[in-house]
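Thanks for asking me to look this over. Here are my notes, point by point, to read with the structure open beside you.

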Amino acid sequence: MLSASASPPAAITEYLRSHIRTVPDWPAPGVQFRDITPLLQNPRVFRVLIDAFVHRYMTPALRPDVVAGLDARGFILGSVVAYELNVGFVPIRKKGKLPFTTVEETYELEYGSATVELHADAVKPGDRVLLIDDLIATGGTMMAGRRLLERLGAEVTEGAAIVDLPELGGSARLRESGLALFTLVAFDGR
């Protein structure tokens with residue numbers, strides 16, 4: 001059985017890493033952008049990626065009732081993982097994108113702030129939720145998503161992402177807040 005801190009096998013990590021494209025100086029000079037779209041374009045690689053998450057969360061101790069995906073690449077991953085686990089999926093969107101009654105959370109970015117929203121009826125009190133995104137940088141989006149879900153009475157059992165950029169401090173901040181994290185690949189640098 002996998003523990004909450006178990007890492008994926010090294011072969012899977014390296015296989016996925018080899019399919020993540022690094023785009024230098026985008027969106028700004030000095031930034032090494034980690035582009036996950038090659039993981040999604042190749043059906044075999046996409047299957048390995050999704051299976052890495054699904055096999056982890058099939059474990060009874062880690063199995064969620066609901067998967068929540070963060071706007072926007074968390075929608076791609078989260079909806080497929082939810083489908084494979086046979087659980088519901090809820091989107092956490094940027095402000096102004098959801099049509100029904102919402103709850104919102106504003107968080108700080110490096111230059112300014114952003115707001116995310118969740119439908120007020122997206123989860124029920126006591127739901128065990130897996131919160132998923134493509135990448136953890138500063139951790140602000142995932143922390144805001146967690147606060148929204150917990151405000152509605154859900155328990156965020158774990159945060160998950162393909163890529164962790166540990167030098168930006170987000171994964172450390174999330175763990176310090178008590179959120180268990182599972183990531184597949186870590187990259188040094190920005």
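1. A cut-off to begin with: a residue counts as exposed when its relative accessible area is over 50%, and as buried when that value is under 20%, with partly exposed in between. Asn86 has a relative accessibility of 71%, so it counts as exposed. Please keep in mind throughout that this is a predicted model.

2. While you are at Asn86, have a look at its backbone. The residue lies in the loop between α4 and β4, and its phi is near 60°, a positive value in a residue other than glycine. Most residues other than glycine have a negative phi, and most peptide bonds are trans.

3. Asp25 is another place to check. Its phi is positive, about 60°, although Asp25 is not a glycine. You will find Asp25 in the loop between β1 (21-24) and β2 (32-35). With a relative accessible area of 46%, Asp25 is partly exposed.

4. Trp26 and Pro27 are joined by a cis peptide bond with omega of about 5°, and Pro27 sits in the loop between β1 and β2. The bond from Asp71 to Ala72 is cis as well, with omega near 0°; Ala72 belongs to the loop between β3 and α4.

5. Now to the sheet. It is open and has seven strands, in the order β5-β6-β4-β3-β7-β8-β9, with mixed pairing. Its edge strands are β5 (102-109) and β9, each of which pairs on one side only. From one strand to the next, the twist averages 20°. Helix α5 (residues 140-151) packs on this sheet and touches β3 (66-70), β4 (88-94), β5, β6 (112-119), β7 (128-136), β8 and β9, while its direction makes about 155° with that of β5.

6. β4 and β6, in contrast, run antiparallel and are joined by two bridges; here Lys94 stands opposite Val116 in β6.

7. At the other end of the strand order, is β9 buried or exposed? Five of the six residues of β9 (residues 181-186) are buried, so this strand is largely enclosed by the rest of the structure. Strand β8 (residues 155-164) runs parallel to β9, with five bridges between them; one of the pairings puts Gly159 with Leu181 in β9. Together with helix α6 (residues 170-176), β8 and β9 make a right-handed β-α-β unit.

8. Next, the helix pair. Helix α3 (residues 43-57) and helix α4 (residues 73-85) have axes that come within 10 Å and cross at roughly 55°, which makes α3 oblique to α4. The crossing is right-handed. Residues making the contact include Phe46, Leu49, Ile50 and Phe53 of α3, and Ile76, Leu77, Val80 and Val81 of α4.

9. Finally, Arg73, in helix α4. Arg73 is partly exposed, with a relative accessible area of 37%. Leaving aside residues up to four places away in sequence, Arg73 touches Ile36, Asp133 and Asp134. Arg73 is 19 residues from Val54 in sequence, and their C-alpha atoms are 17 Å apart in space.

How values were computed. Residues are numbered from 1 along each chain as its sequence is written. This is a predicted model: local features need pLDDT of at least 70, side-chain atom pairs count only at pLDDT 80 or more; totals for chains, interfaces and linings use all residues. Side-chain values use heavy atoms; hydrogens and water are left out. Buried means under 20% relative accessible area, exposed over 50%, partly exposed in between (1.4 Å probe, protein chains only). Helices (H or I, at least four residues) and strands (E, at least two) are DSSP runs, numbered from the N terminus. Two strands pair if DSSP finds at least two bridges between them. A crossover is right-handed if, with the strands pointing away from the viewer, the path from the first strand over the helix to the second runs clockwise. Axes are lines fitted to C-alpha atoms, for helices over the stretch in contact, and angles run from 0 to 180 degrees between N-to-C directions. Angles under 35 degrees count as roughly parallel, over 145 as roughly antiparallel, 65 to 115 as roughly perpendicular and the rest as oblique. A crossing is left-handed if the near helix is turned anticlockwise from the far one by less than a right angle, and right-handed if clockwise. Contact means heavy atoms within 4.5 Å.
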